[in-house]
Amino acid sequence: MSSSSQLRSLQSLWSPAKKWIASYGSIFNNFLGARGNPWELKESTRHEQGEELRIDESIPNIGEIEKIIGYNFNEQSLLCQAFTHSSYHKKCESYERLEYVGDSVLNLMITQQQFLMYPNLPPGMLSPLRAANVDTEKLARVAVKHRFHKFLRHNKPVLQKRINLFLGALPKYPLHSHGLIAAPKVLADVVESTIGAVFIDSNASLDKTWEITKALLDPIITPEMLETNPVKKLNEICQKHKLKVQLIDLWAQNRTCEVLVGSQFRGRGKCLQKKEVALNRAANEAYDELVRVLGCAKS
């Protein structure tokens, strides 16, 4: 099938979704807390103990954010919501609903892009490729690249600490660490909420949302850039050489994980924030050690 035929076929798949969104825009409206115009989100007016409380949901430098994103919002309150963590204050409209929308839309758009760009790749290759482009670390890197973390509104000091640790770890892995550094979920969340905000503000235009998203995600990870997860690499080399591998979880005790290969210690990894990262670090160290001992090439 030619690429133009694939595009027409794929567009026919999106058409029912677009019609559904047009017909049921009020569902998104109610879901996001909007009133009046189906895609409009007004500032909230709350009442507490009988007294009216006006909550300022504006961001002073919102124009700068629009310039970074490359999109001017019809309803800037959507963008304010996209950059507001639930800890900002107890009456705030947080980004969580927009994040939910953005997550779904992002996966759909990446699937569409890869389906058209790689017509010969089987699902077994497309799935990890999509995952690499939408995982927490990739999106957290997008947030840092475009300085989203500078505009994030929150009142949770531990978030800033995690962000700073992430910033310090990035130079060692310019493109992606493949699970070796702990990426703060809050950074990935704000990218997804921004995508969700653009989608809603543009009347559910996948074309406009992809135009903005594609620029934000650049560089998009290609099959040539894709690397195997450290645990998978370790298992593969052990299977090839008929070696028994044992992963020891000590994270609850001292935030570490260890790897034994053929009853011999081969690697240790530590991470205070995430056990998965500690395990990946231990597996990566063990893999590098086995490559050295066995004298084989890295995969």
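This section describes the fold, the strand pairing, the aromatic contacts and the confidence of a predicted model.

The chain has 299 residues, of which 45% count as buried. Its secondary structure consists of 13 helices and five strands. Among contacts between residues at least 6 apart in sequence, 61% join residues that are at least 24 apart. The accessible surface amounts to about 16,000 Å², and carbon and sulfur atoms contribute 52% of this area.

The mean pLDDT is 85, and 81% of the residues reach 70 or more. Two segments are to be read with this in mind. Over residues 20-27 the pLDDT stays under 50, and the model has eight contacts beyond four places in sequence for this segment. Over residues 34-56 the pLDDT likewise stays under 50, and here the model has 50 contacts beyond four places in sequence.

Strand S4 spans residues 256-261 and is paired with two other strands, S3 and S5. Strand S3, comprising residues 245-250, runs antiparallel to S4, and the pairing extends over six bridges. Within this pairing, Asp249 has Cys257 of S4 as its bridge partner. Strand S5, comprising residues 264-270, also pairs with S4 in the antiparallel sense, again over six bridges. In this second pairing, Glu258 stands opposite Arg268 of S5. S4 and S5 form a hairpin with two residues between the strands. Gly262, located in the turn of that hairpin, has a positive phi of about 60°.

S4 is mostly covered, with six of its six residues buried. The side of S4 towards which Thr256, Glu258 and Leu260 point is opposite to that of Cys257, Val259 and Val261, and the residues of both sets are all buried.

A contact between a charged group and a ring involves Arg255 and Trp251. Arg255 lies over the face of the Trp251 ring, at a distance of 3.9 Å from the ring centre.

Two aromatic pairs are present in the structure. In the pair formed by Tyr71 and Phe73, the ring centres are 4.8 Å apart and the planes meet at 90°, so the arrangement is edge-to-face. Tyr71 has a relative accessibility of 10% and therefore counts as buried. Phe73 is also classed as buried because its relative accessibility is 7%. The other pair, between Phe83 and Phe148, is edge-to-face as well, with 5.2 Å from centre to centre and 70° between the planes. This pair links distant parts of the chain, its members being 65 residues apart. Phe83 belongs to the loop between helix H4 (76-82) and helix H5 (96-117), whereas Phe148 belongs to the loop between helix H7 (136-145) and helix H8 (157-169). Both Phe83 and Phe148 are buried.

Helix H5 also contains Glu96. The relative accessibility of Glu96 is 45%, so this residue counts as partly exposed. The C-alpha atoms of Glu96 and Gln81 are separated by 8.8 Å, and the two residues are 15 apart along the chain.

Definitions and conventions. Residues are numbered from 1 along each chain as its sequence is written. This is a predicted model: local features need pLDDT of at least 70, side-chain atom pairs count only at pLDDT 80 or more; totals for chains, interfaces and linings use all residues. Side-chain values use heavy atoms; hydrogens and water are left out. Helices (H or I, at least four residues) and strands (E, at least two) are DSSP runs, numbered from the N terminus. Buried means under 20% relative accessible area, exposed over 50%, partly exposed in between (1.4 Å probe, protein chains only). Contact means heavy atoms within 4.5 Å. Accessible areas come from the Shrake-Rupley method with a 1.4 Å probe; for residues, only the protein chains shown count as cover. Two strands pair if DSSP finds at least two bridges between them. Rings of Phe, Tyr and Trp (its six-membered ring) pair if their centres lie within 6.5 Å; planes under 30 degrees apart count as stacked, over 60 as edge-to-face and the rest as tilted. A charge sits over a ring if NZ of Lys or CZ of Arg is within 6 Å of the ring centre and within 35 degrees of the ring normal. pLDDT is the predictor's confidence in each residue, from 0 to 100.
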